[in-house]
Amino acid sequence: RTDYLPMLSPTYNSRPFVSTTSRRLVAPTTPLANTRRALHLIQLALKSIPQVELSAGHQVVAARTEARRAAISTSAAPPSGPPTVTMASEKTACGSVRGELSDLFRTALTLSFPSVAAEPVVAACNNAKNGDYQCNNAMALFGKLKGTPNAPKAPRDVATAIVSALPTNDLVSETSLAGPGFINIRLNRDFISKRLSGMLVNGLAGWAPTGYAGKKVIIDFSSPNVAKEMHVGHLRSTIIGDTLCRIFEYCGSDVLRLNHVGDWGTQFGMLIEHMADARKARVAAGGEDKDMDEDVSDLQELYRAAKKRFDVEAEFKTRAREAVTRLQGGDAASLSTWERICAASRREFEAIYSRLGVKLHERGESFYNPMLKGVVEELKERDVATMDQGALCVFLEGHPVPLIVQKGDGAFLYATTDLAALKHRINEEKADWIIYVTDVGQSQHFEQVFATAKKAGWLVDEGAKVSHVGFGLVLGEDGKRFRTRSGDTVRLAELLDEAKSRCAATIRERRAEAGEEVDEAEVEDAACAMGYGAVKYADLKNHRTTNYKFSFDEMLNLKGNTAVYLLYAHARIAGIVRKAGKDVYALAADTPISLDHPKELELALHLCKFPEALEDAIEELGPNRVTDYLYDLSEKFNSFYVDCKVLGSDQEASRLLLCEATAVIMRKCFELLGIKPLYRI
């Protein structure tokens with residue numbers, strides 16, 4: 001149907017076209033809706049080509065359309081019932097149950113109301129008594145159709161028409177209407193059972209959210225400053241960014257984990273000069289005149305001493321500024337000292353990242369330094385940036401304060417570097433999605449950077465997507481910014497040490513109470529997993545934009561929504577499967593999962609919602625969606641285990657499969673959160 005191909009153009013929205021299913025004139029809709037309609041027609045053409053398999057939804061559209069076309073040509077009545085469609089097998093199915101339901105209802109909406117473009121609104125039911133899911137399109141559609149010829153008289157009539165157009169399938173067992181037009185949906189138990197069995201046999205790869213495989217996703221996170229120790233302020237960016245990376249990697253994206261470290265700027269002038277003075281003093285005292293490891297052994301002390309001199313000694317401040325100029329000019333001696341400082345910092349950063357299980361590709365501010373002049377020139381040439389009070393500024397609508405890209409003395413700023421980085425990631429890295437993970441205090445800054453990039457023509461509607469993932473503060477138990485008693489920021493290494501030490505003490509105590517032998521190597525491994533996992537989980541379970549109180553007592557609690565509780569829950573499930581002494585994966589190949597008990601069904605249904613938790617996490621860029629799902633899963637398993645005997649029951653094989661399915665999903669959640677699961681504690 002080449003006469004419909006112009007609708008693939010995003011600018012096609014100016015003229016009506018004739019619906020092939022109703023022969024009515026259809027008003028112009030949005031470009032996206034036109035594109036969807038064109039794609040439907042292309043799928044209809046493809047169905048005539050041998051060996052091309054249409055998706056379930058498009059098979060319905062094809063069959064229904066051909067039947068209606070035949071009816072029109074022969075003056076016969078249209079078919080009374082929808083065709084039967086068999087959903088894709090578990091081996092080929094991808095994405096979520098919610099997504100598959102959306103496909104079914106998209107078909108029903110297209111068939112029942114072809115003149116109105118509407119995306120299905122499908123969500124889990126808040127009350128399980130009403131159903132498993134709910135379609136909530138009827139009322140909005142009723143409003144759109146009101147006043148048109150033969151319009152439905154009430155939202156329930158719209159809902160009835162949608163349900164009548166649903167293709168027969170093996171996913172939905174029944175539907176019912178509630179209120180003004182809510183469509184409640186019950187899933188087929190056999191479908192749920194087969195979906196879980198398929199997951200155990202084929203693995204979790206097919207459950208990853210679709211639409212992200214092969215996409216280039218760049219995530220900029222952590223970003224500590226060279227010559228400064230990582231402190232609790234770096235914790236949130238590091239673990240939120242790492243979790244987002246893990247989620248996209250699971251979805252098959254090409255993820256570039258960038259560490260935009262602060263390795264360039266005026267602070268290096270004072271560090272270089274202070275190290276030069278320390279070397280002179282050492283030589284004067286009879287020491288060696290060469291680079292020494294001790295020069296950079298304590299970077300925190302080095303920075304403090306240099307900063308103190310910079311603030312009080314005018315002559316030292318002048319020399320420090322001159323040192324910056326030499327460094328930026330490529331002076332060999334200055335660059336050598338700078339590289340030693342960066343290398344020492346890198347070793348300290350890597351020690352922390354190793355403990356947290358975080359991998360990053362370092363690409364600091366210095367990488368973009370050669371690009372800054374060109375970026376500024378381009379902004380001037382395109383009339384994006386203008387001079388104002390001696391500085392080069394970008395004035396943006398909705399922002400009372402301009403974005404300054406170059407100071408009056410010619411110096412560049414953080415904004416200049418961020419613009420250069422963004423341009424490089426768009427043009428050179430060919431990113432599909434660029435995500436920045438920093439504190440919420442930088443939200444306005446990134447809004448201006450993104451707006452400037454759009455004004456310069458680097459960011460275009462059909463090009464890369466950009467997002468700023470802001471997060472709140474870590475507070476002490478007093479509700480103030482988390483600091484040591486002396487008022488210093490809390491060093492991240494010390495915080496991790498404390499968490500590990502407390503977990504080790506708890507494990508030893510519990511082993512002693514149980515009369516079990518204490519294996520120190522095992523305790524060390526478990527304490528690291530629990531301690532570091534507890535720190536991560538306590539942060540990630542909060543919505544990223546909120547501030548939260550850091551409390552060792554709360555995060556290491558054996559009860560409640562903590563990593564420690566969840567790790568014990570997983571170890572308990574692993575113990576059940578281990579005690580059964582059966583090969584659960586051999587069982588999964590030929591043993592159906594029975595869902596006769598309400599608690600079995602409740603647990604199985606929640607297991608099937610795992611992909612939806614990830615879809616929501618990506619949509620909101622919020623790891624707390626994963627932690628919420630994981631904690632709810634643990635609670636539902638506990639409820640199942642209380643009411644449903646596993647070992648020694650008539651349903652032992654089936655219930656063991658439910659146990660293993662729960663453990664598999666829990667382990668995947670732990671993996672995405674960067675937490676090491678434990679099989680015995």
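S197 is buried, with a relative accessible area of 12%, which puts it below the 20% cut-off for that label. This serine sits in helix α6, which covers residues 189-202. Keep in mind that you're looking at a predicted model. Here's a tour, starting with S197 and moving on through the rest of the chain.

- What does S197 touch once you set aside its neighbours within four places in sequence? S197 is in contact with A588, T591 and I593.
- D590 is 393 residues away from S197 along the chain, yet the C-alpha atoms of these two are separated by 9.0 Å.
- Now take K153, which is found in the loop between α4 (138-145) and α5 (155-164).
- Is K153 buried or exposed? K153 is exposed, because its relative accessible area is 76% and the cut-off for that label is over 50%.
- From the C-alpha atom of K153 to that of F142 there are 8.3 Å, and the two residues are 11 apart along the chain.

- The protein chain has 681 residues, and buried ones make up 50% of them.
- If you take contacts between residues at least 6 apart in sequence, 72% of them join residues at least 24 apart.
- The mean pLDDT of the chain is 86, and 85% of the residues reach 70 or more.
- Residues 1-33 are another story: pLDDT is below 50 there, though the model has 59 contacts for this stretch beyond near neighbours in sequence.
- Residues 47-93 also stay under 50 in pLDDT, with 68 contacts beyond four places in sequence.

**An open sheet with helices across it**

- Which order do the strands of the four-stranded open sheet follow? The order is β3-β4-β6-β5, and the pairing is antiparallel.
- β3 (122-124) and β5 (172-178) are the edge strands: each has a single partner strand, so one side of each is left without a neighbour in the sheet.
- The sheet twists by an average of 30 degrees from one strand to the next.
- Strands β4 (residues 133-135) and β6 (residues 182-187) run antiparallel and are joined by three bridges, and Y133 stands opposite I185 in β6.
- Helix α3 (residues 97-112) lies across β3, β4, β5 and β6, and runs at about 125 degrees to β6.
- α5 lies across β5 and β6, at about 170 degrees to β5.

- Helix α8 (residues 267-284) packs against helix α9 (residues 299-312) at an angle of about 100 degrees, with the axes 9 Å apart.
- That angle makes α8 roughly perpendicular to α9.
- On the α8 side, the residues involved are Q267, M270, L271, H274, M275 and D277, and they meet L302, Y303, A305, A306, K307, R309 and F310 in α9.
- Sort the residues of this contact by type and you get eight nonpolar, two polar and three charged.

- Strand β10 (residues 386-388) pairs with β11 in the antiparallel sense over three bridges, and D388 has A391 in β11 as its bridge partner.
- These two strands form a hairpin with two residues between them, and Q389 in the turn has a positive phi of about 55 degrees.
- β11 is also joined by three bridges to strand β12 (residues 403-406), again running antiparallel; here C393 has I404 as its bridge partner.
- In a regular strand the side chains alternate between the two faces of the sheet.
- You can see this in strand β11 (residues 391-394): A391 and C393 point one way, L392 and V394 point the other, and all are buried.

- Why is strand β13 (residues 433-439) described as largely enclosed by the rest of the structure? Because six of its seven residues are buried.
- Strand β7 (residues 216-220) pairs with β13 in the parallel sense over four bridges, with V217 standing opposite W433.
- β13 also pairs with strand β14 (residues 465-471), in the parallel sense and over seven bridges, and D439 stands opposite F471 in β14.

How values were computed. Residues are numbered from 1 along each chain as its sequence is written. This is a predicted model: local features need pLDDT of at least 70, side-chain atom pairs count only at pLDDT 80 or more; totals for chains, interfaces and linings use all residues. Side-chain values use heavy atoms; hydrogens and water are left out. pLDDT is the predictor's confidence in each residue, from 0 to 100. Contact means heavy atoms within 4.5 Å. Buried means under 20% relative accessible area, exposed over 50%, partly exposed in between (1.4 Å probe, protein chains only). Two strands pair if DSSP finds at least two bridges between them. Axes are lines fitted to C-alpha atoms, for helices over the stretch in contact, and angles run from 0 to 180 degrees between N-to-C directions. Angles under 35 degrees count as roughly parallel, over 145 as roughly antiparallel, 65 to 115 as roughly perpendicular and the rest as oblique. Ala, Val, Leu, Ile, Met, Phe, Trp, Tyr, Cys and Pro count as nonpolar, Asp, Glu, Lys and Arg as charged, and the others, Gly among them, as polar.
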